[in-house]
Amino acid sequence: MKAYEILLDSPRAAYGIWRIADTGMGDFLSSNKYFDEILRELKLSLREVLESFTALPPEGGRVSLQLDHYIGTAYHTSDREILVKFDNPQELDLERDYFAGDLIFEMDQNLVFKKALYLSEESLLMSEDKFLEKRVDEVLGEDLYAIFKDALGKSIEFGTSQKVTYQLWMGDQIRDFEARIFTKNPQDRVVVVVKDITEARDINKRYEESLIELDKFFSLSLDLMGVASAEGTILKVNHAWEEIFGYRQEEIIGRSIFELIHPEDLEKLEDFFESKPLKTYHFLNRIRDARGDYHTLEWQSAVSEGKIFALARDMTHHLETEEKLKSSEENFRTFFESVADLIFVASPEGKVLFVNESVVDKLGYSLEDIYGMHILDLHDPLDREEAEEIFADMFKGARDVCPLPLMKKNGDHLPVETRVWFGKWNNEQCIFGISKDISKEQESLQMFNKIFDSNPVLMAISEAESGKFINVNNIFVNKLGYTRSEIMGETALKLNLFSNPGDRETMAARLRDQGYFANHAMEVRTKQGETLVGLFSGEIIKTGGQEYFLTVMVDKTLEAITEKKLEKQSKIKNVLMRIATDYINMPLDKLSDAIRDSLKMMGEFVEVDRAYIFDYDYKKMTTSNTYEWCARDIEPEIDNLQGIPMEAVSNWVDQHVRGKYIYYPVVDKMDDSDKTKEILQSQGIKSVLTVPMMLDGHCLGFVGFDSVVDYKIYSHEDIGLLKLYAQMLVNVLNRQKQEQLIINSLEEKAVLMKEIHHRVKNNLQVISSLMFLQASYTEDATAKRVLKNSENRIKTMALLHEKIYQSNDLGRLNFKNYVESINYKLVDYYQEGLTKTVLKTDVEDISLNLDKSILAGLVINELVTNALQHAFKGRKEGEISVTAKEQEGIISLVIADNGTGISDDLKDKKTTTLGFQLVENLVSQLKGTLEIVKVGGSRFTIRFPKE
């Protein structure tokens, strides 16, 4: 079957076929029914149709003509045949021929190209020899071959044409094609109609994209957009309707626009719909939102293709703003005239255009005087050149304020701070100026300066950014020893004022974060290098548009020194009491270890590298190192210092036997004639202190302290401490010696025990003397009282050992006699002022062991002392009673007074005073109980087991 036979079976297109003869037209071959219908409609014969073409198409070409509303095309095939095809343009969109295309190919069932039914280089884009007698895959590739083969199978199966779309590189671009494949049965030839759809695809794509873009603009517009029918029915709206009016699109589409219009605006809108103006129509009306409120809209509307297209902007806020603007302008005028600051408006050249009433009132000019003046004329003639420079800097942003005063009409000066800026006045460029009257601020500043300079605490003002001092008060200069010229313009870091350089930055950071800080302890250095301790406070102050730090230091140096002395004295007391406590009941076989431990405690306390003891042997005339303690990484010397001839250290021996200590702060500066210099240098000693150990005017040896790593400076308090320590060692060493002698004879046991208690008493008296010595160095009343109380406690313990020394029974004590002695000494010691205190004692003959006696004695000491010091303040007389009874092995000890009574905190045991803590601790050691009653004074009842 030939291809044109298939074409003749086309369901819609009209086809006719002619044979071309050598001469003339040739013979008509065939046509389909649609072609015949067209001929009848046009009332033309076949030949007339063919003759209607101006010329026959050349081989492989085509020509076109139009008959009435039909478009005809004649194709010259390769079989010397003419194919004529008619299309009806009015039916193209709906009834386009399935086989209408740019190329028609005939293939066999193997998809081998056999013929091109109409062929031209323009339509084919390749020559005949490149595809005829070749299979599709050889020409178009294997992928298209598979697609064509699948379409051919479906055409055979269903008896219909199959559409295939594909892309090919043609020249330098990709083009899109649509192919229709058709065959009547598996034995027939295959017809393939190909159409280039590239341009159609691009046009369609651009059309779709333009619709999408328009829809995006429609949806994204912040203004209201809508389309309505000619009758006013809403057809389409954008999202702005939902955002502004609160209507969802589905709620508003289909409604009449007249339902939403304010009744007063309906007539105007009805006129628009009736007139349907051809040009853009502009109007205002009000539309109700979903909440029932009305919005004023400004519309632009136009009619096209029977529809009304409208764009609107919500003018409600704009109209409200205009009303507010009118009101604000009136308010601004009122404010402008009522403000207390001086306000100027001047031309860019400086000519005064406007001023407020404050300018007239404060400078004394009339409006006629001031209008037309140059703004610089308001300054003193002597200041005008400087003012011009300052204003120039202000316009450049280099300065914020002009501090120069304004000159009144009478020649007086008005202190002001002036700021200027560019702006517009009546839509013209101008200069605005505002001058703040700082007369009161200057008066306050003068008062501040007086307070600042006469303040007894150190005060300074520095720039927040740079830290440079701009002002300090008199005490600041006097305390730190600098002149004002040395301080002004410098920073604390450059002057090295802070002992810790980071303190200033810490202080500045707190000020920036919090705006102030208070009572921060820091140390500063004077010009002479002395250290002052102060409590710093500070805050940020602002003036002239600048930020400054105001810092205040309360000098706490004397308090710090006193506190350090008290702290050191407390440490001295603790060290000596610990050593004394260790020595009191120390067994003889452990005494040597205790001495070494005491050397370690004292060495660490005075911060030296080596502490030691030397004995003098006057028979052998030698001296030997008997005990030694060394700090970490310090080499011991004890083995190298045995049996040294006294002659080698004769100058030391001479001083020691006379009871004098030896102190060399710098060993290298010792006189070369001193025989000990070489010995000390050989051991790398930088500083040395030796204290003689004296017993009844006889020197037993000395205690020494070496500084190897660094030089050591000893205070008088340090040396006094070490003297007491040396005396304690004398007692200990003598005790060691005496105990060793007594132990050798059982008969002398009692003597030994008495001697021990005697020595213990001596040690406690040494500590008591130390307390007295410490009190003499203290000016603080509280510290004196604490030391006095501590001294009396030690005396109470010493009294116990004295009673034991005097007793025939060294294991027990007559408690009655002990209590009476305590009370007698307390009244004698604490009887002060005009108050006469009577102390009554009612104690049974009770025999207590030493531990119970000293604990109970200390309880009596604390409570009676407290009553003597506090119970009778403001009274002329008072009474204290001490009662002790024994019943069934339980001792009841009652201390009572008829004074003012104890505080509720003490009664409820909420207090934390040292005395009360000590009483509680002592009662606990007695394994007893404490009861406190506040009736007609105070009564303390302590019950504890006798054994």
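Val 657 is partly exposed, with a relative accessible area of 36%; by the cut-offs used here, buried means under 20% relative accessible area, exposed over 50%, and partly exposed in between (1.4 Å probe, protein chains only). The model is a predicted one, in which local features need pLDDT of at least 70 and side-chain atom pairs count only at pLDDT 80 or more, while totals for chains, interfaces and linings use all residues. Residues are numbered from 1 along each chain as its sequence is written, and side-chain values use heavy atoms, with hydrogens and water left out.

**Surface patches**

Val 657 sits in helix H23 (residues 650–657), where helices (H or I, at least four residues) and strands (E, at least two) are DSSP runs numbered from the N terminus. Together with Tyr 618 and Met 621, Val 657 makes a nonpolar surface patch of about 240 Å². Patches consist of residues with over 30% relative accessible area and no salt bridge, with like charges joined within 9 Å and nonpolar side chains (Val, Leu, Ile, Met, Phe, Trp, Tyr) within 5 Å. Areas come from the Shrake-Rupley method with a 1.4 Å probe.

A negative patch is formed by Glu 267, Glu 270, Asp 271 and Glu 274. Asp and Glu count as negative, Lys and Arg as positive, and His and the chain ends are not counted. The place of a charge is taken as CG of Asp, CD of Glu, NZ of Lys or CZ of Arg. Glu 270 belongs to helix H11 (residues 266–275) and is partly exposed at 37% relative accessible area.

**Salt bridges**

The structure holds 28 salt bridges, each being a side-chain nitrogen of Lys or Arg within 4 Å of a carboxyl oxygen of Asp or Glu. Three of them are listed below.

| Asp 137 | Arg 135 | 2.8 Å |

Asp 369 is partly exposed, at 30% relative accessible area. Arg 135 is also partly exposed, with a relative accessibility of 30%.

The pair of Glu 931 in strand E38 and Arg 943 in strand E39 ties together parts that are 12 residues apart in sequence. Glu 931 is partly exposed at 38%, and Arg 943 is partly exposed at 39%.

**Nonpolar cores**

A nonpolar core is a set of buried Ala, Val, Leu, Ile, Met, Phe, Trp, Tyr and Cys residues joined through side-chain atoms within 4.5 Å. The largest has 38 residues, of which Phe 815, Ile 860, Ile 895, Leu 930 and Ile 942 touch the most other members. Elements that each supply at least two residues of this core include helix H28 (815–830), strand E37 (890–897) and strand E39 (938–945). Helix H29 gives the most, with 11 residues. A second, separate core of 27 residues includes Leu 689, Leu 722, Val 732 and Leu 733.

Asn 625 is found in strand E28 (residues 622–630) and counts as buried, at 2% relative accessibility.
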